[in-house]
Amino acid sequence: MTESPTQPAGPKPTEPTPADSGPVAEALEAHAAADTAITDFGIDTTSRTTYEAIGDYWNRLRGGELGAVPALLGLTVLVVIFAIASGDFVSINNLANLLQQGAGPMIIAMGIVPVLLLGEIDLSAGTASGVAATLLALHFRDHGNLLGAMGDSMFYGFVVGLVLAALLAALLRLWIGVVGSLGAVAVLLLGVPANPYLEMLLAILVGVGIGCFTGFLVAKVGIPSFVVTLGLFIAWYGVILQLIGAAGTVSVRQSDVLFNVANDSLSVVGSWILFVVACGGYAAVVGLRHAARLRKGLVAQPTPLVLAKIVGVVVLGAVATWLLTLNRSPNPALTDISGVPYVVPIVLVLFVVGTFVLDRTRYGRHIYAVGGNTEAARRAGVNVPKIRMSVFIICSAVAAIGAIVYTSKVGSVDGNAGNGNTLLFAVGAAVIGGTSLFGGKGRVRDAVLGGLVLATVQNGLNLLGFQAAPVNIITGLVLLLAASVDALSRRRAAAR
Amino acid sequence: MSEPILSLRGVNKSFGPVHVLHDIDFTVRAGEVTALVGDNGAGKSTLVKCIAGIHPVDSGEILFDGKPVHIHGPRDAAALGIEVVYQDLALADNLDVVQNMFLGRERLSGFLLDEAEMELAARRTLASLSVRTVKSVRTPVSSLSGGQRQTVAIAKAVLWDSKVVLLDEPTAALGVAQTRQVLDLVRRLAEQGLGVVLISHNMNDVLEVSDRIATLYLGRMAAELPTRELNHSQVVELITAGRSGDLGLARPDVVTI
């Protein structure tokens with residue numbers, strides 16, 4: 001790398017003028033293939049050979065655009081280490097258990113990705129999810145009588161707060177925030193008897209309402225998101241303590257539906273249906289899009305690479321599904337535990353919807369634009385405050401889904417729900433996966449990969465018999481390592 | 001000589017007590033490059049912002065295609081076909097060329113982005129401007145050079161069937177070869193029949209690429225003359241003193257500032 005393409009000043013003797021196409025440019029292109037910088041040669045290419053595509057990818061990696069590679073490498077290394085060190089790690093039972101343990105933080109991490117894409121942060125997502133979990137549990141325990149469960153002041157405070165949240169959302173014409181907040185008010189006031197599905201809905205609606213508040217304070221009042229969410233982080237913790245008490249717990253184990261979300265699995269037939277739908281859907285979407293791009297003469301990946309990706313996903317999916325449909329009960333003679341855990345389709349749906357919204361809709365494009373250059377987005381006519389507010393609504397609502405999962409896994413809600421490490425693990429997961437805290441760079445995929453890495457670390461260390469202290473130290477170091485890899489790669493990219 | 005597409009008549013603009021623009025007459029013709037020059041603080045940027053709708057004018061008339069128009073905001077200007085390419089580019093680094101060109105005006109099929117349509121339109125526009133310097137329209141802007149970025153920003157302005165393009169110092173931060181690219185592009189815009197306004201401090205660029213030169217001096221239009229009737233030193237005198245021989249503003253004792 002000898003020349004910096006971003007360096008504005010200085011003559012570039014090798015740079016051909018636009019008229020310089022033809023053999024010279026082609027020769028330059030062949031030469032430039034060995035270089036990571038995209039030099040000024042004059043051919044607009046739409047297709048590359050597989051060899052060129054792999055070469056380009058390798059050059060991007062060397063240039064510091066690591067993408068998912070560090071997380072995947074880290075995951076592989078961790079699995080190998082734990083497999084050697086602990087006989088219990090590589091068992092189907094532990095694989096399912098790992099997925100169920102990791103799903104809650106992973107889902108919260110997925111929700112925080114859009115916030116990080118704007119270069120903002122939501123420190124309150126953890127305790128906000130705790131508030132959602134608390135209301136879910138209280139609604140279940142007291143059969144819908146939230147007035148009795150919460151006490152007068154808390155109950156009316158919530159009602160007024162949620163109505164206010166709806167008004168704030170209406171100010172920015174975020175109708176989903178209005179509907180969500182008013183829906184939560186309706187559930188609070190109606191006092192419908194306990195119903196697990198209604199309770200899960202309540203948790204998500206409360207998440208929407210909380211997000212309206214956070215988002216408005218950041219987007220319209222203009223307080224830095226760090227300060228807003230730090231304040232709310234503490235406030236929501238106080239709310240949970242008030243509702244449950246420091247030593248109290250509210251159990252949801254009596255509800256089969258609530259308990260099974262994170263502890264039960266699809267039937268064997270259901271697992272294979274999930275495999276067919278997920279992998280078939282992936283193959284169809286990727287394959288059809290590739291065919292359409294080729295037909296229209298657009299920039300496209302080489303066909304062999306696309307086919308290899310599809311085959312890879314289908315084979316991996318088939319192997320995972322097959323393993324999970326084996327009986328993994330510790331006492332195979334007595335009980336039969338088999339099938340893909342419910343959390344897998346939950347994570348998959350969120351992953352697919354999130355990726356789709358970010359990549360294929362105008363809204364997602366605007367999130368990336370605001371994260372990349374707020375001023376450019378504003379001049380292009382993007383409603384920046386509305387985008388800002390909306391990502392906090394998404395974050396809190398998805399965190400509430402995460403709360404449903406982790407509440408289900410434990411079977412109860414206590415005064416520390418969503419407190420402590422919950423949020424920081426979620427941010428850590430996104431960062432390990434490759435999302436930038438400076439905004440503009442990141443994908444929902446990062447949260448899933450990073451969540452798997454963190455879940456693997458914790459699960460593996462626990463199996464090896466480590467206590468909380470070393471587990472925390474090692475988890476922290478893994479996060480630091482991931483951040484260092486990101487920083488070094490960015491320095492490398494900037495040095496080009 | 002072609003018809004004026006945009007003309008300003010007697011435009012005044014004040015910010016509080018500061019009278020920035022005095023009775024400005026300014027004409028942009030289709031198919032011509034009109035250079036707008038002047039020293040720092042002469043009012044170039046204010047004039048551009050008035051045309052772009054960012055600042056409303058206090059008095060005076062704006063004619064577009066011969067008809068009086070009122071520009072109350074950037075959207076009005078865009079609706080008329082007036083596009084401004086700002087000095088600081090206004091591109092998002094993390095998006096690719098197509099995504100940047102369609103930012104804020106994405107084409108949809110259903111509720112999904114119509115990537116195919118946008119990519120084809122972007123390539124058509126770049127091809128029509130004979131831009132052959134971008135390897136692929138799916139290249140992220142962060143990996144482009146300064147000249148390429150400026151090219152993308154200008155192509156973005158052309159994409160919308162615009163009639164007038166205002167370029168605010170498009171070559172200020174560029175090297176020699178990259179400046180060449182951008183100046184060629186400016187000429188091609190005019191050849192396509194657009195009215196082009198080029199703001200620049202570089203006299204060589206201005207004399208080379210423009211058809212007419214409009215000189216602002218302390219908020220007044222000192223002269224608006226065909227480039228071929230001017231030489232380098234005359235333009236510099238017009239910029240620094242407001243007059244050059246018989247050209248420009250009358251003697252200072254008549255001028256009241």
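How many disulfides does the structure hold over all chains? In this predicted model, the number of disulfides over all chains is 0. A disulfide is a covalent bond between the sulfur atoms of two cysteines. For Cys395(A), the closest cysteine sulfur belongs to Cys212(A) and lies 13 Å away, which is too far for a bond, given that the two sulfur atoms of a disulfide must be within 2.5 Å. Cys395(A) is itself buried, with a relative accessibility of 0%, and Cys50(B) also counts as buried, at 1% relative accessibility.

Turning to the aromatic rings, the count over all chains comes to 2 aromatic pairs. In one of them, the ring centres of Phe155(A) and Tyr156(A) are 5.4 Å apart and the ring planes meet at 80°, so this pair is edge-to-face, because planes over 60 degrees apart are counted in that way. Trp272(A) and Phe275(A) also form an edge-to-face pair, with 5.5 Å from centre to centre and 85° between the planes. Both Trp272(A) and Phe275(A) belong to helix H12 of chain A, which covers residues 268-296, and they are 3 residues apart in that helix, or about one turn.

The table sets out the accessibility of the residues in these pairs.

| Residue | Relative accessibility | Class |
|---|---|---|
| Phe155(A) | 4% | buried |
| Tyr156(A) | 46% | partly exposed |
| Trp272(A) | 32% | partly exposed |
| Phe275(A) | 16% | buried |

Taken pair by pair, Phe155(A) is buried whereas Tyr156(A) is partly exposed, and in helix H12 Phe275(A) is buried while Trp272(A) is partly exposed.

Conventions
Residues are numbered from 1 along each chain as its sequence is written. Chains are lettered from A and ligands numbered from 1 in the order in which they are written. This is a predicted model: local features need pLDDT of at least 70, side-chain atom pairs count only at pLDDT 80 or more; totals for chains, interfaces and linings use all residues. Side-chain values use heavy atoms; hydrogens and water are left out. Rings of Phe, Tyr and Trp (its six-membered ring) pair if their centres lie within 6.5 Å; planes under 30 degrees apart count as stacked, over 60 as edge-to-face and the rest as tilted. Buried means under 20% relative accessible area, exposed over 50%, partly exposed in between (1.4 Å probe, protein chains only). Helices (H or I, at least four residues) and strands (E, at least two) are DSSP runs, numbered from the N terminus.
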